[in-house]
Amino acid sequence: MANIDNLFPTDLDLEADHETFEDVDEVIGYKTAPYFDSKTGDFLTDGSGQILTADKITAFAQWCENVIAVDRYKHDGYTEYTGIDYDAIFSAQTREEAENIIESEISEALAVDPYGRTIYVQSVDCEWISSDAVSVVVVVEALENEIVTIETTINK
């Protein structure tokens, strides 16, 4: 019988050169994804209960919306590059300062798209609903000159 002193291989080179998130320069491009309806909070299904697949542009728009919805640094399931800093937004001294933070945070968050779909954020327009909520319309230029518009609400 073999000696099982170690459950893990002893000949692994754990310091081997490997790519990190920041090292990836290759543009992967668009991907399809399950169609998620953020208004209902559920995946869309067909009549037989099968989850529908979003086209490549819709999937990218859904990714953008999700990134904006994530409160950066608050979720262990996301990297430090994912999301926007809600604390910075809602602790700003003025609405103008908060809007500048929103624009900066959203632009930075979408720029780190791991698939390289975001070319740049064209505009971020804010309309305050209350002191704790702002409606945001973000226009993003994506690969293949696609223009994607994301409408969402950021709540404290």
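Two strands count as paired here if DSSP finds at least two bridges between them. Helices (H or I, at least four residues) and strands (E, at least two) are DSSP runs, numbered from the N terminus. The model is predicted, so to speak from the record: local features need pLDDT of at least 70, side-chain atom pairs count only at pLDDT 80 or more, and totals for chains, interfaces and linings use all residues. Residues are numbered from 1 along each chain as its sequence is written, and side-chain values use heavy atoms, with hydrogens and water left out.

**View A. Strand 6 and its neighbours.** Strand 5 (residues 118-130) runs antiparallel to strand 6 (residues 133-142), with 10 bridges joining them; T118 is partnered with A142. On to strand 7 (residues 147-155): 9 antiparallel bridges tie it to strand 6, and V138 bridges to I150. This hairpin has 4 residues between its strands, and E144 in the turn shows a positive phi of about 60°. Strand 6 is largely enclosed by the rest of the structure, because 8 of its 10 residues are buried (under 20% relative accessible area; exposed is over 50%, partly exposed in between; 1.4 Å probe, protein chains only).

**View B. F90 meets W128.** These rings form an edge-to-face aromatic pair, 6.4 Å centre to centre with 90° between the planes (Phe, Tyr and Trp rings, six-membered for Trp, pair with centres within 6.5 Å; planes under 30 degrees apart are stacked, over 60 edge-to-face, the rest tilted). F90 is in helix 2 (residues 86-90) and W128 in strand 5, so the pair ties together parts 38 residues apart in sequence. Both F90 and W128 are buried.
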